[in-house]
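This report describes one protein chain for a reader who is new to structures. Please look at the sequence and the model below before reading on.

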Amino acid sequence: MNEKGIPEEELFAELGFFSDADTNFKKVFSSMCTIPHPVAVAAQQKFVLSNIGDPGLFRGTCEMETEVIRMTASILNHPNPKSAFGHMTSGGTESNIEAVLHMKNRFSDSNSGSDFNLNSNLNSNLNSDFNSDSNMNSVSNSRLNLIVPKTAHFSFEKIANLLGIELKKADIDSYFRVIPESVESLIDENTIGLIGIAGSTEFGECDPIEKLSEIAIKHELPLHVDAAFGGFVYPFLDSDSVLDSVSGSVSDFDSDFNSVSDSEIKFAFNLPGVTSVSVDPHKMGLSVIPSGILIFKNESVLGSSLDKIKVKTPYLTSKYQSTLTGTRPGSSVAATYAVMKHLGVEGYRENVSYCMDLVNHFEKELNRIGLTPCISPRINIVTVSVCSANSTGSNSNETAQTANHEKTEKIRAQLLEKYGWNVSATKTIPALRFVLMPHITKEDISNMISDLEKLLNAEK
Ligand SMILES: *Cc1c(COP(=O)(O)O)cnc(C)c1O
């Protein structure tokens with residue numbers, strides 16, 4: 001650091017230089033975040049002082065947080081939103097960490113004989129027969145595991161490392177949704193819980209959460225649904241606009257797709273086995289960064305696990321803190337409260353319908369250059385293979401897959417270098433991935449696809 005500070009004017013000239021090097025989202029198809037709603041930004045500024053880690057000093061912000069949790073529980077079909085238990089986090093990663101930490105604590109508690117209660121009408125004495133002839137050591141000696149779909153977000157890799165647990169990855173079907181039988185077959189005496197995804201990062205797909213819920217109940221395991229992206233999409237899908245968006249282009253998938261009316265996709269608290277859900281307002285919720293939400297069905301599903309991270313905070317105005325982080329931005333709470341109140345269900349429906357209209361337009365433009373999406377997009381994430389059709393099948397050999405990944409990567413890099421379009425690629429299959437966020441226009445899509453066409457023609 002310099003001994004002497006620099007004048008404000010000079011400083012802001014410098015800041016301008018840095019902010020010019022950042023994106024303004026104009027040519028971004030790779031991000032799950034977007035330009036926040038103006039009311040969110042205004043509310044954020046109004047609450048810059050607020051620290052929700054010290055609720056006694058910021059009672060107003062605290063009240064808003066309670067209301068955000070209640071509103072979110074209600075869009076997640078909670079039968080009694082007031083009994084939902086949760087708080088705001090920095091995003092999906094932190095929410096997932098905390099959800100899995102509680103799974104781990106509950107598992108250890110149940111195996112050490114202390115009582116916990118996943119579902120009031122279940123006897124949750126998890127793995128009692130496994131443990132009846134031994135003590136806690138049998139569990140702590142073998143690694144605990146968590147069952148996640150193969151398509152799970154990379155935050156679960158961090159979680160496995162952080163919490164010292166093993167990830168067991170369940171197989172996915174040709175629509176990139178987890179196969180319930182595969183999940184069930186992976187359950188063993190060291191399984192601490194199950195993960196389902198509503199809006200997978202790569203494909204936007206929703207796992208069959210209803211089936212996972214049944215499996216969770218049968219095996220008396222907690223089920224956490226990662227709806228970081230999908231939480232502000234699936235509840236607001238209008239089935240008409242969805243069906244319209246898939247008409248014509250990917251006919252072999254239509255029949256399957258039509259069998260599920262998307263507005264009726266169940267993925268949250270209307271399923272009895274779901275114990276927690278994470279949702280990110282800083283993605284399709286149009287709030288500011290950082291804004292995440294973690295909600296548990298109720299406080300009792302946590303059992304004594306809550307006590308483990310509840311720390312006494314004598315020097316603060318509240319008696320204890322039960323969040324992972326200490327100081328937390330009340331400005332994010334205010335921003336999220338503001339945008340949810342301002343838009344209402346109607347506003348979020350419009351937001352999703354705008355994005356699905358983009359999906360529609362995207363598919364038409366793709367067809368124009370002779371391409372189709374890899375799977376019929378259920379929400380505003382579209383994946384496209386730029387390799388020849390006969391070499392991208394799941395049973396093609398490894399060398400061909402590697403070549404296809406390389407070709408995809410080359411096209412992705414050229415889209416950025418030559419034309420400035422930020423696009424990502426998928427790992428599960430060789431494909432380009434486009435997230436059609438509210439900052440994108442139909443014109444952007446047409447321009448980008450024309451540039452893609454030029455690149456593909458040059459490859460021929
Ligand atoms: C974005 C995302 C996350 C991670 O959220 P962050 O806010 O980046 O921490 C986790 N899961 C899914 C499904 C996501 O899409």
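The model is predicted. The mean pLDDT of the protein chain is 88, and 86% of its residues reach 70 or more. Two stretches fall under 50, and they should be kept in mind when viewing the model: residues 120–138 and residues 241–262. Beyond four places in sequence, the model has 19 contacts for residues 120–138. For residues 241–262, there are 30 contacts beyond near neighbours in sequence.

**The chain as a whole**

The protein chain has 460 residues, and 45% of them are buried. Its secondary structure comes to 15 helices and 12 strands. Among contacts with a separation of 6 or more, 72% are between residues 24 or more positions apart.

**The sheet**

Seven strands form an open sheet with mixed pairing, and their order is β1-β7-β6-β5-β4-β2-β3. Which strands stand at the edges? They are β1 (85–89) and β3 (166–170); each has a single partner strand, so one side of each is left without a neighbour in the sheet. From one strand to the next, the twist averages 20°.

Strands β2 (residues 145–149) and β4 (residues 191–197) run parallel and are joined by three bridges. In this pairing, I147 has L194 of β4 as its bridge partner.

| Helix | Residues | Strands it lies across | Angle |
|---|---|---|---|
| α4 | residues 92–111 | β1, β2, β4, β5, β6 and β7 | about 25° to β7 |
| α9 | residues 209–218 | β4, β5 and β6 | about 165° to β4 |

**The nonpolar core**

The largest nonpolar core has 110 residues; the members that touch the most others in it are L194, V225, V233, V277, I295 and L436. Helix α13 (residues 330–368) gives the largest share of this core, with 15 residues. The core draws at least three residues from domain 1 (45–342) and at least three from domain 2 (345–459).

Methods:
Residues are numbered from 1 along each chain as its sequence is written. This is a predicted model: local features need pLDDT of at least 70, side-chain atom pairs count only at pLDDT 80 or more; totals for chains, interfaces and linings use all residues. A nonpolar core is a set of buried Ala, Val, Leu, Ile, Met, Phe, Trp, Tyr and Cys residues joined through C-beta atoms within 7 Å. A residue is buried if 20 or more other C-beta atoms lie within 10 Å of its own, exposed if 12 or fewer, and partly exposed in between; C-beta atoms are placed from the backbone. Helices (H or I, at least four residues) and strands (E, at least two) are DSSP runs, numbered from the N terminus. Domain bounds come from an automatic or database domain assignment. Two strands pair if DSSP finds at least two bridges between them. Axes are lines fitted to C-alpha atoms, for helices over the stretch in contact, and angles run from 0 to 180 degrees between N-to-C directions. Two residues are in contact if their C-beta atoms, placed from the backbone, lie within 7 Å. pLDDT is the predictor's confidence in each residue, from 0 to 100.
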